[in-house]
Every structure is written in C-alpha cells, then in structure tokens.
Amino acid sequence: MTDTPAPFAPLDDLAVLRWYEVAGVDECVGETPVDRFAADAARAAAARAQPRDAPRPRTPPHPPPAVPRAAEGSAADPAAPAAAAARESAAAVAGRAETLDALRAALEAFDGCALKVTATTTVFGEGAADAALMVVGEAPGADEDRQGRPFCGVSGRLLDEMLASIGFDRSTAYITNVVPWRPPGNRKPTPAEVATCTPFIERHVALIAPRALLLVGGLAASTLIGTTEGITRLRGHWRTHRTPGDAPDVPAMPTFHPAYLLRNAEAKRLAWRDLLAVKARLAEG
Ligand code: URA
C-alpha cells in the first residue's frame with residue numbers, strides 16, 4: 001500500500017473546473033499559473049528569519065494579477081496612446097460596416113479591446129433589424145457570455161416582462177449592449193473599454209435606426225446621450241442620441257437597469273412610467 005495520491009483523471013479535472021465555477025472563479029486572468037501558497041510560504045519563512053524588532057518590509061500580500069490592459073489609459077498613462085489607437089481603429093472599422101452582418105463580422109474580428117480576451121463570446125444583439133424600439137444595456141453577464149445572446153439571464157427575464165408590458169418581445173424589439181464582451185467577474189467596464197466599444201454601439205444604433213431608444217442603466221444612458229448625470233436624474237426624461245454621420249438622431253428614454261429593479265422593487269413603479277412614456281411616443285406614429 002502507498003499513500004501517494006493518484007494523478008488527476010480527466011473526469012477529476014472537469015470536477016475541479018466545476019468546483020471553481022461554483023466558487024465564482026470563472027475566468028483565466030493570466031497565461032501562467034501562479035502558486036500563491038508558495039509565495040505566502042516564502043514570505044512567512046522570510047518573516048520568521050527576521051530579527052523580532054527589525055522593521056517589516058512593506059510588500060503587498062500578493063503580486064497583482066497579470067490582466068491584459070491594452071485598453072486602459074488616462075492622459076498620464078503610458079497605455080493612453082494604445083487606448084486612443086484602439087478607439088480610432090474601432091471608429092474606422094465600425095464606420096465601414098454597411099449592414100448588421102458586416103458590423104457583427106467587424107466586431108468579431110476586432111482585437112482592440114482586452115475584454116475580448118477573457119470573454120467566451122461576442123454578444124452582438126438580437127431582434128428585428130427594423131425595430132421601432134431598440135434597448136441598450138451595459139455588458140453581457142455570465143449567462144449572456146455562455147449563450148452569446150443579450151439579456152438571457154435573470155435580468156433578461158425581467159426585461160422581457162418590461163417589454164411585454166408595452167407590447168414588444170424579442171422578435172419585435174432589438175436588444176443589445178454598449179460593451180459586447182463580458183467584463184471579468186461582472187465588474188463595470190472601464191471608461192477606456194467603453195470608449196473603445198462606443199463606435200460599434202453608435203453604428204449599431206445607426207443601422208437599426210429605431211424610432212426610440214430605451215437605455216437601461218447609467219452606462220447605456222451616459223454613453224449614448226453623452227452626459228455624466230446619473231440614471232436617477234436622467235430617467236423619465238426624453239433625451240436625444242446624436243447619431244454620427246447622416247443617420248437621423250434618435251429620441252432616447254433612460255430608465256433603470258432590470259438588475260437594479262430586481263434589487264429595488266420600489267423603483268419598478270418609476271420604470272413602469274418610463275415604459276408608458278415610450279409606448280405613448282411610439283403610438284404617436
Ligand atoms: N446586463 C446587461 O446590461 N446586459 C446583458 O446582456 C445582461 C445583463
């Protein structure tokens with residue numbers, strides 16, 4: 001008899017991955033594995049070797065993860081030129097797309113946004129290409145990333161109900177997001193990531209040319225209306241999305257994101273009013 005554990009069988013590997021997923025570890029943030037236990041053990045050994053009264057070195061608990069940061073950047077940031085170049089290239093390829101299929105292909109071929117590296121799929125959009133109502137959200141979550149469809153998780157179910165309440169469904173409205181790739185761990189997309197993706201969503205709106213936009217959540221509202229005001233102030237008031245190029249400007253109604261409504265049921269009353277305003281506007285013909 002020996003106590004040596006058997007090597008992992010393929011089935012065990014799958015079980016470990018499933019366990020990671022349940023624990024919320026659902027993306028790879030670096031190409032090379034890091035043995036953090038070894039790093040901790042080395043730090044602990046070094047601390048034990050220090051004379052008791054010696055000043056402690058001020059090292060962070062863990063080295064920062066190796067996350068790709070191609071699209072990060074502020075004026076003083078060395079990555080700023082790369083971020084500006086990514087935006088320019090996005091504007092050039094998006095501007096050349098004359099159809100939804102061409103825009104989808106351009107987005108799938110675009111490598112200027114680091115979010116694409118960690119996402120499983122590019123979540124483009126779905127619905128009627130000639131929809132009168134276009135809904136724009138923030139970014140895909142885990143369900144959307146798995147299925148490649150916008151709003152197909154829990155908040156999507158509420159969005160479906162919201163649309164049904166004003167006579168729309170997924171075959172008559174059009175649904176998409178500002179950012180087509182899931183940010184790792186569902187974090188908020190950074191301003192640089194949003195800026196890189198903006199030419200694509202602007203082109204998306206121009207190609208659908210809806211009669212009204214329903215902007216769910218602060219990020220969709222600020223991106224497509226061009227404001228820094230928060231969603232609580234913006235919601236319920238018609239604004240204008242100014243379409244670049246010669247496509248007509250589009251009336252835009254900002255409202256709460258369904259994920260927010262799921263956590264704040266009392267806000268549903270206000271969202272309901274916003275939806276009725278959209279219905280009335282579209283009924284004007
Ligand atoms: N939240 C969003 O903003 N978009 C989705 O597609 C899903 C959740």
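Contact here means heavy atoms within 4.5 Å. The views below come from a predicted model, in which local features need pLDDT of at least 70, side-chain atom pairs count only at pLDDT 80 or more, and totals for chains, interfaces and linings use all residues. Residues are numbered from 1 along each chain as its sequence is written, and side-chain values use heavy atoms, with hydrogens and water left out.

**View 1. H257 sits in the loop between β6 (250-255) and α11 (258-263).** Helices (H or I, at least four residues) and strands (E, at least two) are DSSP runs, numbered from the N terminus. Is H257 buried or exposed? With a relative accessible area of 17%, H257 is buried (under 20%; exposed is over 50%, partly exposed in between, with a 1.4 Å probe and protein chains only). Setting aside neighbours within four places in sequence, H257 touches E138, F151, S155, V216 and G217.

**View 2. Helix α4 (residues 100-109) packs against helix α8 (residues 191-208).** Their angle is about 170°, and their axes are 10 Å apart. Axes are lines fitted to C-alpha atoms, for helices over the stretch in contact, and angles run from 0 to 180 degrees between N-to-C directions. The two helices are therefore roughly antiparallel (over 145 degrees; under 35 is roughly parallel, 65 to 115 roughly perpendicular, the rest oblique). L100, L103, A106 and L107 of α4 meet F200, R203, H204, L207 and I208 of α8.

**View 3. Helix α3 (residues 80-96) also packs with α8.** Here the angle is about 10° and the axes are 7 Å apart, which makes α3 roughly parallel to α8. Among the residues in contact are A83 and R87 of α3, and F200 and R203 of α8.
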